[in-house]
2 protein chains.
Amino acid sequence: MISARGYAAHDPQSPLRAFAFERDEPRERDVQIQVLFCGVCHSDIHQAKNEWSNTVYPCVPGHEVVGRVTKIGAGVTTHAVGDIVGVGCMIDSCRHCKPCKLGLQNYCEGPNSWLATYNGPMVPAKQAPGGLNTYGRDNTYGGYSDVLVVRDDFLIRIPPALKPEVAAPILCSGVTTYSPMKHWGVQAGQKVGIIGFGGLGDMAVKLALAMGAQVVVFTSTEAKLEEARKLGADAVLESDAKALEPHASSFDFMLSTVPQRHDLNPYLPLLKRDCTLVVVGALEVMAPVNNQQVAFHRRSISGSLIGSIAETQEVIDFCALHGIGPDIEMLRIQDLNEAYARIEKGEVRFRYVIDMASLAEESVPTTLA
Amino acid sequence: MISARGYAAHDPQSPLRAFAFERDEPRERDVQIQVLFCGVCHSDIHQAKNEWSNTVYPCVPGHEVVGRVTKIGAGVTTHAVGDIVGVGCMIDSCRHCKPCKLGLQNYCEGPNSWLATYNGPMVPAKQAPGGLNTYGRDNTYGGYSDVLVVRDDFLIRIPPALKPEVAAPILCSGVTTYSPMKHWGVQAGQKVGIIGFGGLGDMAVKLALAMGAQVVVFTSTEAKLEEARKLGADAVLESDAKALEPHASSFDFMLSTVPQRHDLNPYLPLLKRDCTLVVVGALEVMAPVNNQQVAFHRRSISGSLIGSIAETQEVIDFCALHGIGPDIEMLRIQDLNEAYARIEKGEVRFRYVIDMASLAEESVPTTLA
């Protein structure tokens with residue numbers, strides 16, 4: 001066993017705090033990583049606070065992980081000690097279902113679905129028909145920690161052109177917005193609407209612009225309008241109904257990155273006929289939708305869940321090629337709970353990235369999980 | 001002017017009653033029709049009772065019209081006196097917008113959208129930027145009447161293989177269900193779910209079966225289960241959660257024909273990855289949807305609005321070819337209000353069709369509209 005330490009939530013209310021635990025030694029095809037950086041995703045907060053009612057405590061969040069390979073199993077040929085690699089939202093999947101065979105691990109239909117980097121399996125293993133997940137435990141611990149062990153084919157190569165701390169958030173917020181844009185065929189010259197301008201929205205705007213699209217940002221925060229315009233997008237205040245009007249029936253694609261239940265009705269009339277609004281930010285019950293606005297121009301409302309391993313590599317390479325990445329702010333892990341509070345207030349447009357070196361300053365209790 | 005008579009609603013509460021009015025004489029490209037039969041659609045009731053808050057009174061419903069040509073304008077070459085023809089939900093459109101030029105009149109983006117057979121234009125002409133509609137009035141009167149005048153290219157040819165009274169409901173309930181099945185590519189061997197088994201549902205099931213699909217009907221009415229099975233479909237009681245389970249992630253396409261707000265959440269998990277549930281029955285605010293069920297398998301919720309003129313001709317010809325049509329019950333216009341009440345209770349699986357000969361028995365007040 002490997003001694004690991006990290007930051008964990010122990011219940012929905014208390015602040016996250018230092019936590020010591022053990023990880024399995026790398027097996028044949030596993031890679032051991034020293035975590036350098038880990039992005040803070042809004043879903044970390046949802047999960048730490050049990051807002052999806054499926055959190056297994058203690059919960060060590062973190063699925064935007066970049067680290068250095070420190071050890072590899074005997075069967076690993078694709079990564080070497082010293083490589084800079086990334087781990088996103090998944091560390092395994094069933095490998096046998098149709099989506100897995102198509103390389104769509106994020107839509108795995110196996111008994112436990114894909115294995116989440118933390119709080120996995122999504123269906124607690126003990127209740128799932130297949131029993132334990134491939135990591136032999138009924139909970140996985142994520143990237144808010146100093147060490148991670150992951151199967152080789154769920155690792156992403158981080159090219160030297162991308163700073164590791166900038167690459168980290170792309171592994172979730174990047175692929176979550178890139179995957180639907182690719183799937184629904186966003187291309188140069190199209191008009192793309194991005195609803196919400198936090199961590200996901202920031203990446204969505206940069207990716208859509210790099211794809212050659214005309215981008216309009218819809219935000220509820222007046223202070224963010226100027227930030228969006230600086231990137232080269234138009235920006236509209238969500239509450240300004242008059243400002244929405246000229247955009248009626250003009251969008252080829254819209255992406256909602258708002259991380260909670262919200263009203264899609266103001267946006268549906270902005271879509272062209274036969275076009276789609278995809279919700280990636282909110283995995284919950286949405287506000288009721290008026291089907292008149294959907295049916296009258298045969299519009300669609302869809303959802304999309306992160307992206308495949310291949311798409312994750314693709315978006316990392318795309319960002320390296322186009323020189324784009326999230327706006328980040330480095331965070332000491334000791335300031336994590338404060339950062340959570342700011343994100344929850346919707347104040348944060350950049351992505352917090354934890355510098356895992358700060359974890360060394362922690363005196364971690366010696367009692368194990 | 002042509003003296004016409006029909007049945008009209010004069011306010012949201014009172015029963016419909018006999019009503020005398022005038023229609024314009026046919027112009028160059030217009031065709032005058034003696035109405036033989038008119039289907040009763042659930043949306044007639046919504047409109048008569050102002051449930052969409054846009055009814056212009058007096059309101060003469062009826063958009064499933066079959067009649068005999070009695071007079072044609074000098075420029076009409078496609079129809080002759082004596083022909084049996086149909087009129088569906090639209091009698092005109094702007095003819096200039098992109099959808100119109102593509103032959104998608106039902107998605108017309110002109111200032112008044114398409115011109116509805118009754119209660120048209122949908123945006124009352126006086127408020128609309130383009131002013132009056134092409135019929136020179138701010139309200140159109142539908143097929144619950146003895147005579148209709150319609151532009152030649154919005155008429156449907158009814159082949160001799162279809163009884164005129166059977167053809168009538170196909171002009172709305174047929175094309176409304178046929179159009180999305182064609183658009184989303186329903187084909188032989190696929191599994192199709194039809195939610196709701198009234199007038200629309202009945203046509204949807206027959207069309208999907210004729211396309212070679214495996215069909216499952218979901219209904220809230222136990223008595224309808226056997227009816228669906230007789231047609232060759234499987235049937236499941238909506239409230240029976242256990243009966244839904246084996247259908248998880250198995251449908252290539254689902255169509256909701258329920259004519260009012262209802263909950264889609266039980267059905268979303270039944271769709272395969274990347275597949276679509278299309279709502280055609282309810283043009284209103286739906287129950288809130290859980291985006292988790294949408295995103296986790298990249299499902300879509302869409303809407304669809306009737307169908308184009310070409311699709312209306314196509315579904316009429318398809319029904320004639322396959323020998324299918326709605327189950328109908330003939331109705332004397334004097335029994336209309338009673339029929340409305342039964343439809344509203346959800347008791348009616350067949351389609352009521354008004355035999356317009358019954359209108360001759362009415363003593364209609366001589367005061368005009």
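How many residue pairs are in polar contact between chain A and chain B? The count is 15, with both residues of each pair at pLDDT 80 or more; a polar contact is a pair of N or O atoms within 3.5 Å, where within protein one must be able to donate a hydrogen and the other to accept it, and residues adjacent in sequence count only if both atoms are side-chain atoms.

This is a predicted model, in which local features need pLDDT of at least 70 and side-chain atom pairs count only at pLDDT 80 or more, while totals for chains, interfaces and linings use all residues. Residues are numbered from 1 along each chain as its sequence is written, chains are lettered from A and ligands numbered from 1 in the order in which they are written, and side-chain values use heavy atoms, with hydrogens and water left out.

**First stop: the interface**

Select chain A and chain B together. The contact (heavy atoms within 4.5 Å) takes 36 residues from chain A and 37 residues from chain B. The two chains bury about 3,100 Å² between them, 58% of it on carbon and sulfur atoms; buried area is the accessible area (1.4 Å probe) that two parts lose on being put together, summed over both.

Helices (H or I, at least four residues) and strands (E, at least two) are DSSP runs, numbered from the N terminus. The residues on this side divide into 19 nonpolar, eleven polar and six charged; Ala, Val, Leu, Ile, Met, Phe, Trp, Tyr, Cys and Pro count as nonpolar, Asp, Glu, Lys and Arg as charged, and the others, Gly among them, as polar.

Now select β15 in both chains. Three bridges join β15 of chain A to β15 (residues 300-303) of chain B, and these strands run antiparallel; two strands pair if DSSP finds at least two bridges between them. Here A:I301 stands opposite B:I301.

**Second stop: the symmetry**

A rotation of 180° with 0.0 Å of shift along its axis superposes chain A on chain B, with RMSD 0.0 Å. Copies are superposed by least squares on the C-alpha atoms of residues with pLDDT of at least 70 in both. The two copies are thus related as by a two-fold rotation axis. Select A:P288 to find the C-alpha of chain A nearest the axis, 2.1 Å from it. The copies meet through the same surface, because 100% of the interface residues of chain A are also interface residues in chain B.

**Third stop: inside chain A**

Select β4 (residues 65-72) and β5 (residues 84-87) of chain A, which pair in the antiparallel sense over four bridges. A:G67 stands opposite A:V85 in β5. Two bridges also join β5 to β9 (residues 156-157) of chain A, again antiparallel, and the bridge partner of A:V85 in β9 is A:R157.

Move to the loop between α1 (42-48) and β4 of chain A, where A:P58 lies. The peptide bond from A:Y57 to A:P58 is cis, with omega near -5°.

Finally, select A:E227 and A:K230, which form a salt bridge with their closest N and O atoms 3.8 Å apart; a salt bridge is a side-chain nitrogen of Lys or Arg within 4 Å of a carboxyl oxygen of Asp or Glu. Being three residues apart in helix α5 (residues 222-231) of chain A, A:E227 and A:K230 are separated by about one helical turn.
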